Amino acid sequence: MHLLILGGTTEARRLAELLHGTPGLEVTSSLAGRVASPRLPPGGTRVGGFGGAEGLTAWLREHGADAVVDATHPFAGTISFHAARAAATARVPLLALRRPGWTPVEGDRWHEAGSLEEAARLLPALGRRVFLTTGRTGLAAFADLEQLWFLVRSVDAPEPPHPAAMEVLLDRGPFTLDGERGLLRRHRIDVVVTKDSGGAATAPKLAAAREAGVPVVVVRRPPVPTGVPVVPGPEDAAGWVLERLERQEGLERLERLERNPLAAD
């Protein structure tokens with residue numbers, strides 16, 4: 001059985017780790033290539049796009065993929081639609097591994113936005129020193145806010161256009177609560193901007209903002225395909241894959257016996 005994991009996330013790496021070395025299972029993890037030095041999972045890997053849904057369909061057929069797990073980032077919405085279309089066309093079962101989004105708790109001062117552009121429009125009324133944690137892409141939405149100062153945290157250095165008054169912090173999670181507390185304090189942050197990525201690796205900034213009474217602009221997740229089964233964690237996805245592997249091996253044994261009733265495994 002050949003499994004394709006559309007990855008690049010912590011959950012995708014964990015799924016590859018859980019399945020690595022499983023007899024009868026070949027795993028290929030696909031990374032988008034947006035990070036210069038990605039953390040590679042065990043097993044086979046490929047880097048780069050497929051060329052849309054048609055390219056992914058061709059890849060699935062050419063490499064004999066038997067199943068796909070879409071474990072991409074919650075904000076990598078386009079690939080999820082491509083995966084749904086390609087899996088349906090190639091008749092390959094598809095599972096979505098999506099970490100749950102964050103939920104506000106008592107004390108949070110959240111302001112929801114439907115896009116980075118909407119988040120930028122909210123900022124002037126909320127603060128002057130912004131901790132921007134939306135990644136290195138999309139900074140053009142904030143480039144015209146000349147009256148604000150930005151601390152931008154990303155794995156790789158951002159490219160223009162971006163805010164003129166900006167300091168870049170190159171770092172990668174997981175982050176700690178103490179570290180986030182200190183960061184907000186040192187840089188005198190009075191508003192945080194984040195995407196609703198979910199997960200524990202980057203959640204401490206939300207707790208630190210809550211403790212400090214700092215408002216947080218939360219960009220909502222983009223839409224995802226309907227009709228695709230969804231699980232919240234790598235362990236659930238691994239169970240789905242192993243169940244399919246067991247079913248496939250059972251069918252192959254049955255076919256061998258039908259061809260040769262005297263054969264025994």
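Me: In which loop is P174 found?
Reply: This is a predicted model. A cis peptide bond joins G173 and P174, with omega at about 10°. As for its place, P174 is found in the loop between strand 9 and helix 5 (177–186).

Me: Which residue does a cis peptide bond join to P160?
Reply: Most peptide bonds are trans. Here omega is about 5°, and the bond is cis.

Me: Where does R188 lie, and what is its phi?
Reply: R188 is exposed, with a relative accessible area of 54%. Its place is the loop between helix 5 and strand 10 (191–195). Although R188 is not a glycine, its phi is positive, about 55°.

Me: How many helices and strands does the chain have?
Reply: The chain holds 265 residues, and buried residues make up 46% of them. Its C-alpha trace spans about 80 × 35 × 30 Å along the principal axes. The secondary structure comes to seven helices and twelve strands.

Me: In what order do the six strands of the open sheet stand?
Reply: The pairing in this sheet is parallel. Strand 3 (44–47) and strand 12 (230–231) each have a single partner strand, so one side of each is left without a neighbour in the sheet, and these two stand at the edges. The order is 3-2-1-4-5-12.

Me: Which residue of strand 12 stands opposite L97?
Reply: Strand 5 and strand 12 pair in the parallel sense. Two bridges make up this pairing. Opposite L97 stands V231.

Me: Which element gives the most residues to the largest nonpolar core?
Reply: This core has 20 residues, and L3, I5, L15, L19, L25, V69 and V241 touch the most other members. Strand 1 (2–6), helix 1 (10–19), strand 4 (67–70), strand 5 and helix 7 (234–259) each supply at least two residues. With five residues, the element that gives the most is helix 7.

Me: Which residues does L3 touch, not counting residues up to four places away in sequence?
Reply: L3 is among the residues that touch the most other members of the largest nonpolar core. Beyond four places in sequence, L3 touches L19, L25, E26, V27, T28, A67, V68, V69 and V241.

Me: How many residues are in the second, separate core?
Reply: Among the members of this core are A113, L116, L139 and V152. The second core is separate and has 18 residues.

Me: Is S154 buried or exposed?
Reply: S154 is placed in strand 8. Leaving out residues up to four places away in sequence, S154 touches G135, R136, L169, L170 and D171. Buried means under 20% relative accessible area. S154 has 5%, and therefore counts as buried.

Me: What distance separates the C-alpha atoms of R172 and A201?
Reply: R172 lies in the loop between strand 9 and helix 5, and at 30% relative accessibility R172 counts as partly exposed. Leaving aside neighbours within four places in sequence, R172 is in contact with V35, S37, R39 and V155. A201 is 29 residues from R172 along the chain, and their C-alpha atoms are separated by 9.2 Å.

Me: How far apart are the mean positions of the positive and negative charges?
Reply: The chain has 31 positive and 32 negative charges. It exposes about 13,500 Å², of which carbon and sulfur atoms supply 52%. The mean positions of the two kinds of charge are apart by 4 Å.

Technical notes. Residues numbered from 1 in each chain as written. Predicted model: local features only at pLDDT ≥ 70, side-chain atom pairs only at ≥ 80, totals over all residues. Heavy atoms only, no water. Helix = DSSP H or I, 4+ residues; strand = E, 2+ residues; numbered from the N terminus. Buried < 20%, exposed > 50% of the residue type's maximum accessible area, 1.4 Å probe, protein only. Areas by Shrake-Rupley, 256 points an atom, 1.4 Å probe, with all protein chains shown as cover. Lys, Arg positive; Asp, Glu negative; His and termini not counted. Charge placed at Lys NZ, Arg CZ, Asp CG, Glu CD. Core = buried A, V, L, I, M, F, W, Y, C linked by side-chain atoms within 4.5 Å. Contact = heavy atoms within 4.5 Å. Pairing = 2+ DSSP bridges.
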